[in-house]
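Please examine the sequence and the model shown below.

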Amino acid sequence: MSDIAIYFSIMAKEPINRPPPLRVCTLLYNNLLATSATLPVEMLRTAEAADRAVNPNTRGIAATTLSIDDRPITSPSGFAISPSATIGEIDHCDIISLPALWRNPRPALQKYREYIPWLQHQVREGATVIAVGTGVCFLAEAGLLDHQPATTHWHYFDQFQRDYPLVALKRQYFITQAGNLYCAASVNAMAELMVHLVARLYGRQAATQVERNFFHEIRSSFEPTSYFSDNVEHHPDEQVVQAQIWFEDNFNKPIRISDVARQFGFSMRTFDRRFKNALGQTPLKYLQRTRLNNARELLQKSNLSVAEVAAHSGYQDAAAFSKIFHRQFGTSPMKYRETVRAKLFSVH
């Protein structure tokens with residue numbers, strides 16, 4: 001067989017319509033939260049694998065970690081992460097991830113000033129940016145959020161508002177969108193945002209697969225038309241919103257409502273009154289509902305035992321959890337799982 005014949009024989013077996021890979025660039029800086037740096041890429045790779053099972057020409061993921069030089073960065077967890085390239089070596093990114101920072105973001109903003117003009121250029125070229133927690137400060141420093149909605153971690157709200165008065169800070173939202181700029185208040189919110197982006201990139205079936213694989217990070221059902229958490233009602237009491245976000249991030253831990261009230265500067269009486277005025281229920285009732293909603297999601301989407309579901313939802317006593325669940329939903333956890341499971345895992 002001639003060389004030309006061999007070439008066309010090989011080409012006939014290869015997919016010829018595969019689009020170029022999606023370049024996903026994660027910016028590195030000292031003191032970043034490693035989970036917020038790795039999770040977006042892990043979720044996108046899961047979506048890619050799910051879609052490739054039914055579509056051989058699916059768009060691949062080309063993940064790159066970037067820094068201003070080739071030195072590894074350190075994280076509070078003790079992990080050292082090395083960049084695979086510098087920003088000077090990369091001309092184009094489809095998606096840029098800005099991880100969250102531990103504590104004060106100012107040192108990183110000063111040390112990594114070279115990111116600012118690079119981000120401005122990438123956004124002008126059409127890149128989608130996902131910023132988590134205080135990683136949002138890089139977008140704000142670049143002026144990309146001026147007169148645009150944004151959010152950040154609740155602990156940094158006041159300082160963020162002072163530093164960036166032109167940004168339309170939306171304290172009541174977990175996730176905001178301004179064109180191709182997405183801000184997530186926490187790692188949990190970022191996981192929900194990634195499901196939305198996965199659905200846009202790879203479709204509903206891949207998004208469902210991502211939800212099933214990352215159920216610990218995702219608390220609410222997939223909603224393709226919503227950019228915001230369905231678990232938080234929107235109201236003008238920003239201190240209550242901050243407490244809600246704290247409950248959403250910590251519901252699986254042992255919690256004393258009186259300790260949370262003190263953390264946010266309330267007496268118990270005032271804490272109860274403010275929650276009732278904003279949400280029509282006490283903080284304890286809100287926490288209970290958050291835990292039960294999480295339990296319901298785990299029963300739907302995981303193979304965890306009822307005792308494990310209880311523990312993941314903040315209940316140490318499985319029997320007490322089952323009683324509370326039955327009182328809330330009118331059925332036992334096991335019967336609830338049996339009712340919804342066939343429908344959830346059916347192939348459409």
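## Surface and burial

The accessible surface of the chain comes to about 16900 Å², an area computed by the Shrake-Rupley method with a 1.4 Å probe. Carbon and sulfur atoms account for 51% of this surface. Of the 348 residues in the chain, 49% are buried; buried means under 20% relative accessible area, computed with a 1.4 Å probe and protein chains only.

This is a predicted model, in which local features need pLDDT of at least 70 and side-chain atom pairs count only at pLDDT 80 or more, whereas totals for chains, interfaces and linings use all residues. Residues are numbered from 1 along each chain as its sequence is written, and side-chain values use heavy atoms, with hydrogens and water left out.

## Secondary structure

The chain has 15 helices and 11 strands, which are DSSP runs numbered from the N terminus (helices: H or I, at least four residues; strands: E, at least two). In helix α8 (residues 204–213), the buried residues are A206, A207, T208, V210 and E211. They pack against α2 (34–52), α7 (187–202) and α12 (283–301).

## Nonpolar cores

A nonpolar core is a set of buried Ala, Val, Leu, Ile, Met, Phe, Trp, Tyr and Cys residues joined through side-chain atoms within 4.5 Å. The largest has 93 residues, and L27, Y29, F138 and F247 have the most contacts inside it. Helix α7 provides the largest share of this core, 9 residues. A second, separate core of 14 residues includes L292, L298, F321 and I324.

Contact means heavy atoms within 4.5 Å. Beyond residues up to four places away in sequence, F247 touches residues including I255, F271 and Y286.

Note on methods:
Buried < 20%, exposed > 50% of the residue type's maximum accessible area, 1.4 Å probe, protein only.
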